[in-house]
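Hello,

Here is the structure I promised to pass on to you. Please open it and keep it beside this message while you read.

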Amino acid sequence: MSFVPTPISRFFHRMASPPHFYSLTNKLLPWLMTIFILLLGYGLYGGLYLAPTDYQQGDSYRIIYVHVPAAWMSLFIYVVMAMAGAIGLIWRIKLAEIMVISSAPIGASFTFIALVTGALWGKPMWGTWWVWDARLTSELILLFLYLGIISLYGAIEDKRRASRAVSILALVGVVNIPIIHYSVEWWNTLHQGPTVTKIDKPSIHIDMLIPLLTMAIAFKFYYLIALLQAAKVELLRREQNSQWVRSMLETET
Amino acid sequence: MNSFAEFILMGGYAFYVWTAYGIAFIVLLVNLIMPVVQRKQFLRELALKQKRIRQ
């Protein structure tokens, strides 16, 4: 059977080719950055200034606009990372392997932000920075998973073998994701239940919800920007002996 | 929020709110700057290495 390249398969082949990915990334980044800054600006203005004060929590609730989107990102990035890991393991696509390891520090950062802003919200509302309840503990385990992936990758010299190892670790760690999500329903926790993702009707005022969703979308764009930036470095490291890096070096420097 | 002062004071929760946003801002900024610094440094080293090989 002969392989006839269709426009779609040609598109994917070009996308997965490192030099094309590199130049496309350079063209995309200014646009992504512009969208991110606009969304972030509106999200912060809406959340910190326009949104009404909460009748129970006063203005302390405004931490929600960084806490909840960061916590969502900590889960979202983990799932993307594990999926990229699976793609890398099955099809041996170099770019997928690069996405796994480039995602890990960003995911760890969002998990850290979720935990720290949660503590800063918990202190005035619950009277304590930290409790060992299901939601907080499972989120802390997520941080350790990210850190474990980063250090395992650093410990293995051969980067293709390192990628396979961290992809397997990332896939095993996926069990933690539903545990984090449903922890507030399965166990009695101090952490409040879901307010936005309830199927029937979110129990949050629309003026509070819009900036929250704006921040969530802004963080998605941030992830894309940070991911592409980190992927460029990783790609250069791995492809340093290839022709396209050499010719780029001659034109850029 | 009716005034700028109210915005800064955050109904008495200024410390918690602004610390949360400050830490998040720093962590996210570092994540954007680090790869740019690393890439420039790597390209510089690589250019030096190639120059040495050619000589």
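The charged end of Lys232(A) lies over the ring of Tyr22(A), 5.4 Å from the ring's centre. A charge sits over a ring when NZ of Lys or CZ of Arg is within 6 Å of the ring centre and within 35 degrees of the ring normal. You will find Lys232(A) in helix α8 of chain A, residues 206–238; helices here are DSSP runs (H or I, at least four residues), numbered from the N terminus. With 3% relative accessibility, Lys232(A) counts as buried (buried is under 20% relative accessible area, exposed over 50%, partly exposed in between, with a 1.4 Å probe and protein chains only). Neighbours within four places in sequence aside, Lys232(A) is in contact with Tyr22(A), Thr25(A), Asn26(A), Leu29(A) and Arg39(B), where contact means heavy atoms within 4.5 Å. Lys220(A) also has its charged end over a ring, that of Phe76(A), 4.6 Å from the centre.

Before you go on, please note that this is a predicted model, in which local features need pLDDT of at least 70, side-chain atom pairs count only at pLDDT 80 or more, and totals for chains, interfaces and linings use all residues. Residues are numbered from 1 along each chain as its sequence is written, chains are lettered from A and ligands numbered from 1 in the order in which they are written, and side-chain values use heavy atoms, with hydrogens and water left out.

As for confidence, the model scores ipTM 0.92 and pTM 0.91. Chain B has a mean pLDDT of 91, with 98% of its residues at 70 or more; pLDDT is the predictor's confidence in each residue, from 0 to 100.

Now for the aromatic rings. Rings of Phe, Tyr and Trp (its six-membered ring) pair if their centres lie within 6.5 Å; planes under 30 degrees apart count as stacked, over 60 as edge-to-face and the rest as tilted. That rule gives 17 aromatic pairs over all chains. In one of them, Tyr61(A) and Tyr65(A), the centres are 5.9 Å apart and the planes at 70 degrees, so the pair is edge-to-face. Tyr61(A) and Tyr65(A) are both buried.

How do the two chains meet? In chain A, 44 residues are in contact with 32 residues of chain B. The two chains bury about 3,300 Å² between them, 74% of it on carbon and sulfur atoms (buried area is the accessible area, 1.4 Å probe, that two parts lose on being put together, summed over both).

Best wishes

Key: Helices (H or I, at least four residues) and strands (E, at least two) are DSSP runs, numbered from the N terminus.
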